[in-house]
Amino acid sequence: RLSLIDTELLKLSLMLTELLKLSLMLTELLRLSLIDTELLKLSLMLTELLRLSLMLTELLRLSLIDTELLKLSLMLTELLKLSLIDTELLKLSLIDTELDKLSLMLTELLKLSLIDTELLRLSLMLTELLRLSLIDTELLKLSLMLTELLKLSLMLTELLRLSLIDTELLK
């Protein structure tokens, strides 16, 4: 009779070992799934960075156009100096108005650039929060697995106690 209990305990121990192996495999699968999630997040961040890079390229192109317009404005000023004084004053007034408009446009572009920088900073903060949330989730999963292992250990302890009682009764 003692041999049967020992055999059953051995079987239970082997089953517990198999359950632990399955638990380790499940943990590895969850880790791989989290890595896939991180890769997807990185891909989304890269897409966003590419979009922002395109916007920055457009802003630089507009800045180059503004520079060319300023050069043309200077050339026009030099030509107007050769004309009549009244005509020169009128044309300079028109050029000043256009330059003010361009200056306002440039100011708006700078504001948009600052907004983009702030959005990028917020995106980085959000990424960090998501990373911390994933770590919390992983810790919770590990805690649940540990709880299950403790339950199994308690069951095994109870079986051993019953086996000892049975052994005492047999004596």
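How many residues apart do K111 and E108 lie in helix α2? They lie three residues apart, about one turn of the helix. Helices here are DSSP runs (H or I, at least four residues), numbered from the N terminus.

This is a predicted model: local features need pLDDT of at least 70, side-chain atom pairs count only at pLDDT 80 or more, and totals for chains, interfaces and linings use all residues. Residues are numbered from 1 along each chain as its sequence is written, and side-chain values use heavy atoms, with hydrogens and water left out.

**Salt bridges**

The structure holds 13 salt bridges. Each one puts a side-chain nitrogen of Lys or Arg within 4 Å of a carboxyl oxygen of Asp or Glu. Among them are these:

| Pair | Closest N and O atoms |
|---|---|
| E18 and K21 | 3.5 Å |
| K111 and E108 | 3.4 Å |

E18 and K21 are separated by about one helical turn, because they are three residues apart in helix α1. E158 and R161 show that spacing in helix α2: three residues, about one turn. K111 is partly exposed, at 45% relative accessible area. The term covers values between buried (under 20%) and exposed (over 50%), with a 1.4 Å probe and protein chains only.

**The largest pocket**

This pocket holds about 200 Å³ of space. Its lining has seven nonpolar, two polar and two charged residues. Helix α2 gives the largest share, six residues. Lining residues include K41, M45 and L130. A pocket is an open set of points on a 1 Å grid over the protein atoms alone, with protein on both sides within 12 Å along at least five of seven lines; lining residues have an atom within 4 Å of a point.

Conventions: On a 1 Å grid over the protein atoms alone, a cavity is a set of points where a 1.4 Å probe fits but cannot get out, and a pocket is an open set with protein on both sides within 12 Å along at least five of seven lines; lining residues have an atom within 4 Å of a point. Grid points are joined across faces, edges and corners, and a volume is the space filled by probe spheres set on the points. Helices (H or I, at least four residues) and strands (E, at least two) are DSSP runs, numbered from the N terminus. Ala, Val, Leu, Ile, Met, Phe, Trp, Tyr, Cys and Pro count as nonpolar, Asp, Glu, Lys and Arg as charged, and the others, Gly among them, as polar.
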